[in-house]
Amino acid sequence: RTGPLVLDDEGNVFVKKRGNERLPVIFGRKGMRLSPGSKADGMSYAAVQVIDELGDPELEIIKLKSIDVSKDEYIVLWLDQGKSAKLAWKQMGEEKELCRQELRVRLRKLAGALDHDKGKSIDQFDVTLDDDVIGK
């Protein structure tokens, strides 16, 4: 390794160059180490999908700092102001359009919760259920 590694929107791994300082950090990966030329999979690829989707202007309220991929059932988004969100969706981490559609629905629900008056005072969100966003 010759420096920090980054992932593109397809999960390809390469050495970080200048200009990527504001990218969210993905941590907690289990199993095989990533190296330049390899490709992220599973929860790491799910994190890449989230980062890619957050390029949508409709989701700009979600200010992502980092993503914890250490759990098998969900990922944790760490946001500005100390907020966090557990996130899961059907077929997460797979390269299927249905998977992306499910992710978009969940992220829109999270954005709505963050933008709601009650959501502004909540620090932890759970977006792992099909119907609701739960705030604590």
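1. Let's start with L54, which is buried in this predicted model. Its relative accessible area is 15%, and buried means under 20%, so L54 falls inside that class. The residue sits in the loop between α1 (42–53) and β4. Leaving aside residues up to four places away in sequence, L54 touches L59, I62, L64 and L107. One of these, L64, is ten residues from L54 in sequence, with 8.4 Å between the two C-alpha atoms.

2. The protein has two helices and eight strands, and their order along the sequence is β-β-β-α-β-β-β-α-β-β. Of its 136 residues, 39% are buried. Among contacts with a separation of 6 or more, 50% are between residues 24 or more positions apart.

3. Strand β4 (residues 64–68) deserves a point of its own. Four of its five residues are buried, leaving the strand mostly covered. How do β3 and β4 run relative to each other, parallel or antiparallel? They run parallel, joined by three bridges, and I26 has I67 in β4 as its bridge partner. The pairing of β4 with strand β5 (residues 75–79) is antiparallel and spans four bridges.

4. The salt bridges come next. Side chains of opposite charge can pair when their charged atoms come close. There are nine salt bridges in the model. One of them joins K86 and D126, whose closest N and O atoms are 3.9 Å apart. This pair links distant parts of the chain, since K86 lies in strand β6 (residues 84–87) and D126 in strand β7 (residues 124–127), 40 residues apart. The salt-bridge cut-off is 4 Å, so the 3.9 Å separation of K86 and D126 falls within it. K86 is partly exposed at 30% relative accessible area, whereas D126 is buried at 13%.

5. Two further salt bridges are worth a look. K96 and E94 meet at 3.2 Å, N to O. K96 is partly exposed, with 41% relative accessibility, and E94 is partly exposed too, with a relative accessible area of 32%. R104 and E97 form a salt bridge at 3.1 Å, N to O. R104 counts as partly exposed at 23% relative accessibility, and E97 is partly exposed with a relative accessible area of 45%.

6. Which residues are linked to R104 and E97 in a network of salt bridges? The network is made up of D52, E53, E97, R100 and R104.

7. Finally, the surface. The protein exposes about 8200 Å², and carbon and sulfur atoms supply 48% of that area. V25, F27 and W78 make up a nonpolar patch on the surface, with about 270 Å² of accessible area together. F27 is found in strand β3 (residues 25–27). Its relative accessibility is 35%.

How values were computed. Residues numbered from 1 in each chain as written. Predicted model: local features only at pLDDT ≥ 70, side-chain atom pairs only at ≥ 80, totals over all residues. Heavy atoms only, no water. Buried < 20%, exposed > 50% of the residue type's maximum accessible area, 1.4 Å probe, protein only. Contact = heavy atoms within 4.5 Å. Areas by Shrake-Rupley, 256 points an atom, 1.4 Å probe, with all protein chains shown as cover. Patch = residues over 30% accessible without salt bridge, like charges linked within 9 Å, V, L, I, M, F, W, Y side chains within 5 Å. Salt bridge = Lys/Arg side-chain N within 4 Å of Asp/Glu carboxyl O. Pairing = 2+ DSSP bridges.
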